[in-house]
Amino acid sequence: MISVKLDHVSKMFGTVKGVEDIDIHIRSGEFFTFLGPSGCGKTTTLRMIAGFYYPTEGRIMFGEQDVTYLPPNKRNIGMVFQNYALFPHLTVFENVAFGLQVRKQSKQEIKEKVDRALKLVHLDGYGNRRIDQLSGGQQQRVALARALVIEPQILLLDEPLSNLDAKLREETRVEIKRLQLELGVTTIYVTHDQAEAMAMSDRIMVMKNGVIQQVGTPQEIYNRPNNEFVASFIGESNLLEGIVEEIHDQQIRVRFSSDWVLTGLQENVAPKTTLTKGEKVKISIRPESIREAKTEENGENIVRGKVALSEFTGVSVNYITQIGELQLKSMFINLGNRVYQRGEELALSIPKESVYFLG
Amino acid sequence: MKSGSTFTPSTLRRRTSFTSSPYFVYVLVSPLFLVLLAYVIYPLFQTFIESAQIDGSFSLQNYKDFFSLGNSANLEALWTSIYISVFSVITCGIVGVGMAFLLERYEFPGRKILSVLVMVPMALPPLIGVLSFDFLYGKSGIIPRALQALLGLDQVPFSLSGIGGVLVVHTFTMYTYFYMTASTAIRGLDPSLEEAAASLGANRFYIWRRIILPMLTPAMVASALLVFMIAMASYTAPLVFGVERTMTMQIYLSRTNGDLDMAATQSTILSVVSILFLIIMRWYQNARNYQNMSKGVSVHRTEVKSKVGKYISMALSILGVVILLLPILVLIILSFSEDGSWTVEILPTKYTFAHYIELFTDSETWKPIANSLEMSSLATIGNIIFGVAAAYAAVRLKFKGKTLLDILIMVPWALPGTVVGINLIAAFSQPNVFSFNQVLVGSFWIIPLAYFVRHLPLVFRSTSATFMQMDVSTEEAARSLGATWWYSFRRVVFPMAFSGILVGALLAFVQGIGEFVASILIYSADTTPMSVAIFQRMYAFEFGTACAYGSLQMLLILIVLFISQKIQGNSNITI
Ligand SMILES: Nc1ncnc2c1ncn2[C@@H]1O[C@H](COP(=O)(O)OP(=O)(O)O)[C@@H](O)[C@H]1O
Ligand SMILES: [Mg+2]
């Protein structure tokens with residue numbers, strides 16, 4: 001297995017910006033995900049790694065080898081395309097065998113490897129089928145087998161699950177992860193689905209408009225979002241704007257209105273951000289980190305408001321609480337507690353360690 | 001209940017039970033089959049009868065004569081027709097597919113203009129295309145003479161004649177069939193397939209061999225069958241380049257020599273070959289097709305970057321543009337030339353506007369134009385009525401025999417024009433029920449009927465394409481609002497399909513204006529159409545007038561193409 005390094009890579013399409021200054025190091029054997037909304041440059045970045053585009057600036061390294069301008073057929077990569085790109089005039093077997101035939105392996109060897117690959121994706125016995133005789137999920141797995149059978153150094157997947165329905169998507173997601181762990185291949189995965197990214201990845205790169213927003217483990221990305229975009233794109237979040245009132249003893253106090261002040265911790269300030277007293281600041285609070293407070297409880301991070309929306313989902317009870325001008329989303333696991341109705345008063349407690357100061 | 005009410009339950013029930021009976025649909029479609037029977041099947045059958053009868057009794061003597069080795073003219077003609085067709089397929093394939101790849105995959109100076117002009121051969125009426133090639137490259141053509149003068153040679157360095165000439169003309173006029181299917185297929189090729197192959201380690205050559213060529217095969221086989229059929233039916237090119245030993249020419253010669261039995265025999269054999277090809281083509285179209293697996297993908301054209309490549313591609317583009325435009329140009333130049341002013345010179349020496357004035361002022365010259373307009377209009381009206389009804393039946397109604405309807409409509413399209421002419425002569429030289437007890441041959445009606453038959457599929461196909469895209473529920477909505485079938489057809493179905501109908505009708509109309517092959521067999525002095533007039537003027541050495549007629553035809557075709565393009569652009573109809 002091999003590591004991949006993108007060294008300040010940019011790509012322009014004429015005057016249109018594709019991606020800008022992508023600088024990442026993907027470790028050998030890692031499951032690395034590019035996450036972001038459509039048009040943010042995920043595919044462009046992936047295609048530069050595959051060799052279908054050449055960067056306008058920067059270099060791409062596979063291990064110690066500079067591959068920036070190496071044509072795709074010399075890179076030894078396995079790629080799964082969004083539409084699978086299976087060859088419609090070839091059978092399942094011939095599709096999977098294609099890369100091995102290119103490598104001029106013996107018939108015997110090809111047969112063994114293809115059979116093993118088909119078995120790996122649970123398609124043994126389907127070798128003679130035509131592509132249009134397969135379901136979407138099966139086609140997906142043929143594409144995966146075709147990419148894996150050549151024992152690539154790097155596996156590239158561009159939104160491989162987006163054409164499947166919800167249930168199949170979940171099954172295939174588990175399957176891909178299993179194969180990746182089994183084979184230990186360095187994997188770069190492109191998706192716009194944050195749940196998929198969170199569930200599968202060792203690390204995630206969040207992108208927007210061709211620019212990196214944050215790189216980190218799923219926990220880092222979720223718990224310590226760098227900025228408003230990351231906080232809102234991944235999971236649900238309360239994004240509030242207030243004024244820094246006091247910074248004292250590793251604690252920061254922020255005022256949102258005349259009767260609402262929150263205290264957070266200095267360690268939860270986004271990197272490369274400094275807060276100054278009297279300036280505006282954006283904070284993010286995850287709905288599930290908010291607790292219900294006892295009616296008699298009082299303290300600095302306790303607020304009271306009227307329930308504007310009450311939603312019982314079975315797993316949880318979700319509230320939107322009106323606090324003066326502002327609204328706060330909260331989510332409580334359903335433990336059989338009383339469900340507050342619209343208009344009732346609700347007291348909420350926001351733990352200091354759950355308040356994140358965004359950059 | 002009032003007895004005077006029209007909508008008593010009982011009348012209502014009776015009416016519904018009649019129109020909703022499973023047999024009612026056959027009442028609706030039987031006129032369509034009747035028309036096909038009368039003007040397609042019956043004439044075909046009459047020709048066969050004529051070929052298989054000698055003095056009123058059954059005999060295969062004509063076929064024995066045809067295949068006898070003693071008189072080899074017929075066999076030679078069959079053989080020549082076949083090998084001209086095979087070579088036409090090869091040359092058209094090379095030119096058409098090559099052009100398609102060049103224009104779809106590469107970016108070079110001159111690509112845009114070339115990709116517009118590449119369809120020019122489609123805009124040339126059949127006779128005009130051949131004549132302009134003769135003017136340009138024939139024995140006393142402009143280019144050979146110009147080269148001779150330029151290089152100071154004793155004789156012309158080359159000239160088109162005989163089978164070589166036929167092949168060149170076929171290549172020029174028929175490569176567009178390959179070009180169109182190939183470029184659609186290339187555009188339909190999903191570029192991610194090539195990328196997938198590259199990511200698996202395949203180089204350019206390997207990708208071509210294993211991915212691109214196999215995927216283009218269906219399109220290429222389909223066009224090969226089509227070109228073969230059209231080349232077999234070709235009549236004008238052998239006529240102008242003097243190749244008498246082809247099937248179509250033999251039929252024409254038998255007919256003019258009065259040997260109707262032999263003409264019928266030759267026709268029948270050619271019909272069999274054509275219909276066979278039609279069946280193979282239909283069967284093949286239903287076989288596999290790899291296109292459009294994924295939609296909306298666009299390929300980036302590879303830019304020709306090297307300096308040498310740029311110059312070469314520019315030179316080739318210019319050459320292509322010149323070759324494509326010369327036929328039109330020469331036609332226009334000659335249409336202004338004074339008759340008799342072009343004998344041994346490279347270009348005519350005297351020019352005049354008189355021919356165009358003559359076209360519209362001299363009643364003798366105007367007559368063929370009027371004839372063509374009138375006869376083609378009549379045929380087109382027939383095509384519209386039949387085509388719309390047949391398309392509606394084929395797309396919207398359920399009945400047994402739909403495939404038969406479809407095939408019967410395509411048969412006249414597969415039949416060579418020469419054969420259609422012979423068939424009509426065989427059927428309508430005597431009065432019969434289908435001709436309302438008239439002798440049609442020699443009358444005014446025979447040519448409109450020939451046009452109607454030859455262009456039967458045009459309105460049908462464009463209209464059924466629009467019907468297929470139309471949502472059935474619009475018609476159902478109209479019916480649910482209380483409209484009768486006829487009312488909803490008039491107010492909803494017809495207006496919605498109008499653009500499709502118009503495109504097909506315009507096409508049928510211009511094809512009628514340019515029709516030559518069947519006309520030459522059945523025209524009479526009073527009904528001479530434009531193409532036959534061009535032919536006559538040519539052989540009277542009145543090149544100017546002939547070319548003025550030709551320019552007029554071309555202008556009409558260009559107008560129609562322009563309108564169709566506009567309509568299709570607006571509503572995405574594809575024929
Ligand atoms: N071949 C191309 N030519 C021009 N612009 C392109 C091309 N490919 C991508 N882009 C542009 O680059 C940006 C990033 O696109 P892409 O990488 O496909 O986004 P994603 O895969 O994240 O949806 C978009 O604004 C897109 O329009
Ligand atoms: Mg993408």
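Which side chains of chain B and chain A meet in a salt bridge? They are B:Glu195 and A:Arg47, with N and O 2.6 Å apart. The model is predicted.

**The interface**

The rule finds one salt bridge across the interface of chain B and chain A. The interface also holds eight residue pairs in polar contact. On the side of chain B that touches chain A, the elements giving two or more residues are α10 (191–199) and α11 (204–233) of chain B. The most comes from α10(B), which gives seven residues. Sorted by class, this side of chain B has 12 nonpolar, five polar and four charged residues.

In total, 21 residues of chain B are in contact with 23 residues of chain A. The size of an interface is often given as the accessible area lost when the parts come together. Here chain B and chain A bury about 2,100 Å² between them, with 64% of it on carbon and sulfur atoms.

**Salt bridges**

Side chains of opposite charge can pair when their charged atoms come close. Over all chains, the count comes to 27 salt bridges. Three of them, each with both partners in one chain, are listed below.

| Salt bridge | N to O distance |
|---|---|
| A:Arg59 and A:Asp7 | 3.3 Å |
| A:Lys282 and A:Glu228 | 2.8 Å |
| B:Glu107 and B:Arg111 | 3.3 Å |

A:Arg59 and A:Asp7 form a salt bridge. This pair links distant parts of the chain, 52 residues apart: A:Arg59 is in strand β4 (residues 57–62) and A:Asp7 in strand β1 (residues 4–13) of chain A. A:Arg59 is partly exposed, at a relative accessible area of 39%.

A:Lys282 forms a salt bridge with A:Glu228. Here too distant parts of the chain are linked, with A:Lys282 in strand β14 (residues 280–285) and A:Glu228 in helix α8 (residues 228–233) of chain A, 54 residues apart. A:Lys282 is partly exposed, with a relative accessible area of 28%, and A:Glu228 is partly exposed, with 32%.

In chain B, B:Glu107 is partly exposed at 28% relative accessibility, whereas B:Arg111 is buried at 9%.

**A buried residue in chain B**

B:Asn383 lies in helix α17 (residues 363–396) of chain B. B:Asn383 counts as buried because its relative accessible area is 0%, under the 20% cut-off. Its side chain reaches the backbone oxygen of B:Phe452 at 3.1 Å. Leaving aside neighbours within four places in sequence, the residues in contact with B:Asn383 include B:Tyr451, B:His455, B:Leu456 and B:Ala508.

**An annotated span**

In an unreviewed entry, UniProt lists residues 4–234 of chain A as "domain: ABC transporter". That span is 36% helix and 26% strand, and its end C-alpha atoms lie 25 Å apart.

How values were computed: Residues are numbered from 1 along each chain as its sequence is written. Chains are lettered from A and ligands numbered from 1 in the order in which they are written. This is a predicted model: local features need pLDDT of at least 70, side-chain atom pairs count only at pLDDT 80 or more; totals for chains, interfaces and linings use all residues. Side-chain values use heavy atoms; hydrogens and water are left out. Contact means heavy atoms within 4.5 Å. Buried area is the accessible area (1.4 Å probe) that two parts lose on being put together, summed over both. A salt bridge is a side-chain nitrogen of Lys or Arg within 4 Å of a carboxyl oxygen of Asp or Glu. A polar contact is a pair of N or O atoms within 3.5 Å; within protein, one must be able to donate a hydrogen and the other to accept it, and residues adjacent in sequence count only if both atoms are side-chain atoms. Helices (H or I, at least four residues) and strands (E, at least two) are DSSP runs, numbered from the N terminus. Ala, Val, Leu, Ile, Met, Phe, Trp, Tyr, Cys and Pro count as nonpolar, Asp, Glu, Lys and Arg as charged, and the others, Gly among them, as polar. Buried means under 20% relative accessible area, exposed over 50%, partly exposed in between (1.4 Å probe, protein chains only). UniProt positions are given in the numbering used here, feature names are shortened, and annotations may be inferred rather than shown by experiment.
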